[in-house]
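Q: Hi! I'm new to this one, could you walk me through it?
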Amino acid sequence: MLGFFVLSAALVAPFRAADNKKDDPSQIGNRDVGKGINFYSLEKEIALGKQLAAEVARQAKLLDEPLLAEYVNRVGQNLVRNSDAKVPFTFRVIESDDVNAFALPGGYVFVNTGLIQMAEEEDEFAGALAHEIAHVAARHLTRRETKSQLANIATVPLSVLLGGWAGVAVRQGASLAVPMTFLSFTRQDEAEADYLGLQYMYAAGYDPTGEITMLERLGALNRQKPGTVARLFSTHPMDTERIRNAEKEIQKILPARSEYVVNTSEYHDMRQRVFAIEAHRKPDEADNRPTLLKPSGHLHEQ
């Protein structure tokens, strides 16, 4: 969710063994990567995401920049067409220098301008979106909530939950409070999103090593400013094992190609536009950034 795309160190063997089609990018779109116990139909999942997205749109500082919005949507929709997703997607841009992106149930994806500033090439940016799309395609959000309800003796009726979750995303001053339920995943979920995201990048024509490059940039940032990455990507824990896993996956399941999309002049132009917007931001706007709300009601430290 709002978390960033990041590659996880979790073992991926459990979900691979269950469905060998997940190892074959040529089968994208013809495999059910979202199967599993789920109390939510796709229709209910979309409705839930719509409610939460409306809260985000009401509380966050969405960027009013038609050219950039159209570009981000176009890149995102291209990845969606080359994914296993079974829901329509909506992509929105949040004006925030935090390096982050997140997906809500039902195909609602939000991208911070800080992510575009960090991603120097289009394949890196596409890797971030592909990871979030993978979370939605695999239905991690509602499957996780279903497991939580099954483990809870006092399960709340779904009709009540569907109407109440959006209300949890309440306004905290100038900050955006988003329930941590929708911003965190199990390590196995992260591993699967990493694995599928690489395939979606590849299928869309991007160089899948863009994700690795992005992770290396984040690692360098963390070395320069210790704790920065851990804070920014608290919803997608990072470690060096991710890069090794990604390299292995690329070599194992993605046939080499003579050409990939690495960067485009259009991405360069859009990125420069973001820097220009950032340069003109008012000083008092810098603190008007999203914060995360844990289920207990305490704000997660940014």
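A: Happy to. One term to begin with: a polar contact is a pair of N or O atoms within 3.5 Å; within protein, one must be able to donate a hydrogen and the other to accept it, and residues adjacent in sequence count only if both atoms are side-chain atoms. This is a predicted model, where local features need pLDDT of at least 70, side-chain atom pairs count only at pLDDT 80 or more, and totals for chains, interfaces and linings use all residues. Residues are numbered from 1 along each chain as its sequence is written, and side-chain values use heavy atoms, leaving out hydrogens and water.

Q: Thanks! Which side chain does the side chain of Glu 124 make a polar contact with?
A: That of Arg 217, at 2.9 Å.

Q: And is Glu 124 buried or exposed?
A: Glu 124 counts as buried because its relative accessibility is 0% (buried means under 20% relative accessible area, exposed over 50%, partly exposed in between, with a 1.4 Å probe and protein chains only).

Q: What else does Glu 124 touch?
A: Leaving aside residues up to four places away in sequence, Glu 124 touches Met 118, Ala 119, Gly 210, Thr 213 and Met 214, as well as Arg 217. Contact here means heavy atoms within 4.5 Å.

Q: New topic: what is the mean pLDDT of the protein chain?
A: The mean is 77, and 71% of the residues reach 70 or more. pLDDT is the predictor's confidence in each residue, from 0 to 100.

Q: Where does pLDDT stay under 50?
A: Over residues 153–177, for which the model has 49 contacts beyond four places in sequence. Residues 290–302 are also below 50.
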